[in-house]
Amino acid sequence: MGRVYNFSAGPAVLPEEVLREAADEMLDYRGTGMSVMEMSHRSKAFEQIITEAEQDLRDLMNIPDNYKVLFLQGGASQQFAMIPMNLMKNRSADYIITGQWAKKAAKEAEKYGEVHRIASSEDETFSYIPDCSDLPVSEDADYVYICENNTIYGTKFKELPDTKGKTLVADVSSCFLSEPVDVTKYGVIYGGVQKNIGPAGVVIVIIREDLITEDVLPGTPTMLTYKTHSDAKSLYNTPPAYGIYICGKVFKWIKAQGGLEAMKERNEKKAKVLYDFLDQSKLFRGTVVPKDRSLMNVPFVTGNADLDAKFVKEAKEAGLENLKGHRTVGGMRASIYNAMPYEGVVALVEFMKKFEEENL
Ligand SMILES: *Cc1c(COP(=O)(O)O)cnc(C)c1O
């Protein structure tokens with residue numbers, strides 16, 4: 001059985017070249033006589049892996065020196081708590097609610113302080129990004145929080161909100177490294193890597209230095225304090241070493257493709273094939289307002305739940321896997337992350353055409 005086209009939202013497809021390289025190095029990493037899974041995180045070999053991974057990420061995203069890069073655990077969901085614990089000096093924060101992940105983050109933050117939901121698109125089942133050009137940003141807000149790409153609903157902020165000078169915190173789990181980014185516009189950028197970068201178990205936090213302090217909320221565990229990990233260069237305790245190693249390989253793969261400009265071009269080209277088809281289809285339709293469409297996650301429906309289920313089943317039989325929409329929204333969703341080849345999207349569209357002919 002060969003490899004399928006995997007449209008999973010996460011954990012998700014990884015570049016085949018990276019998987020092959022990892023396979024080659026599985027038993028003996030570069031003459032060490034052991035797998036990266038088996039080596040000390042304090043070894044020379046691993047030190048080089050994590051140092052290079054950080055440097056490659058810095059190169060790719062053009063991360064300024066006054067930002068730290070942390071490789072942590074606990075997934076994106078742990079950041080929902082870590083952010084308020086470390087940043088809520090006034091115990092006040094503003095959240096923009098564009099989907100389940102932002103909603104969950106806001107709810108978690110409520111454990112630590114006052115949360116203002118200053119914009120939301122829940123009225124239209126999160127099918128658009130609210131206008132964020134003149135938000136009622138709270139005077140005492142410690143930060144403004146967004147989920148930049150909404151994995152479940154398939155929307156993306158094409159323009160960052162005007163935070164009126166407040167620190168911007170962004171969950172970029174599902175759009176990490178999908179296009180160039182101006183890091184200086186954010187206080188914190190973070191994401192679980194299992195969507196667009198690597199295996200589950202690593203979360204990357206890019207945080208401006210002045211936000212890393214000892215002045216955290218009382219009772220914040222050592223392990224949930226950014227300063228702990230920043231001071232120890234992500235080696236305070238055993239890090240998710242193998243995951244970091246794979247992330248490092250993906251960074252090198254992206255560099256070899258031409259960096260984030262090239263990624264953006266590729267991703268736009270892939271997404272266009274699918275959106276163009278959806279826009280003229282008589283059976284399928286996209287569920288997102290065109291101007292807010294994500295390049296990464298593309299939800300669509302036929303409008304008939306039975307037909308949706310039939311589509312997902314037959315697509316799987318044709319080697320197009322994990323097209324079922326999120327359990328909270330139904331329908332279909334094609335996640336077409338960096339590592340999804342153009343040919344995969346074309347194969348999906350060809351299959352959709354055929355399905356439309358047979359079922360219309
Ligand atoms: C998947 C996802 C999460 C949750 O990630 P975990 O690592 O499972 O905690 C949070 N935010 C976004 C945008 C996601 O796509």
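Let's start with Glu-25, which counts as buried because its relative accessibility is 11%; buried here means under 20% relative accessible area, exposed means over 50%, and partly exposed is in between, using a 1.4 Å probe and protein chains only. Before going on, please keep in mind that this is a predicted model, where local features need pLDDT of at least 70, side-chain atom pairs count only at pLDDT 80 or more, and totals for chains, interfaces and linings use all residues. Residues are numbered from 1 along each chain as its sequence is written, and side-chain values use heavy atoms, with hydrogens and water left out.

So who is the partner of Glu-25 in a salt bridge? That is Arg-30, and the closest N and O atoms of the pair are 3.2 Å apart. By salt bridge I mean a side-chain nitrogen of Lys or Arg within 4 Å of a carboxyl oxygen of Asp or Glu. Arg-30 itself is exposed, with a relative accessible area of 56%. The structure holds 29 salt bridges.

Now to helix H2, residues 44-61. A word on naming: helices (H or I, at least four residues) and strands (E, at least two) are DSSP runs, numbered from the N terminus.

Several residues of H2 are buried, among them Phe-46, Ile-49, Ile-50, Ala-53 and Leu-57. Who covers them? The cover for the buried residues of H2 includes strands S2 (67-72), S9 (188-192) and S10 (203-208), along with helices H6 (241-257) and H7 (259-280).

Lys-252 meets Glu-52 at 2.9 Å, N to O. Lys-252 lies in helix H6 and Glu-52 in helix H2, so this pair ties together parts that are 200 residues apart in sequence. Both ends are partly exposed: Lys-252 has 38% relative accessibility, and Glu-52 has 30%.

Lys-252 has another partner, Asp-56, with the closest N and O atoms 2.7 Å apart. This pair again links distant parts of the chain, with Lys-252 in H6 and Asp-56 in H2, 196 residues apart. Asp-56 counts as buried, at 7% relative accessibility. Through shared partners, salt bridges join Glu-52, Asp-56, Asp-59, Lys-252 and Lys-255 into one network.

Next, the sheet. Three strands form an open sheet in the order S11-S12-S14, with antiparallel pairing. Which strands sit at the edges? They are S11 (285-286) and S14 (332-335), each pairing on one side only. Strands count as paired if DSSP finds at least two bridges between them, and S12 (residues 297-301) pairs with S14 over four bridges. Look for Phe-300, whose bridge partner in S14 is Met-332.

Finally, we return to helix H7. H7 lies across S11, S12 and S14, and runs at about 20° to S12. For that angle, axes are lines fitted to C-alpha atoms, for helices over the stretch in contact, and angles run from 0 to 180 degrees between N-to-C directions.

Note on methods. Expected span 1.5 Å × (residues − 1). Contact = heavy atoms within 4.5 Å.
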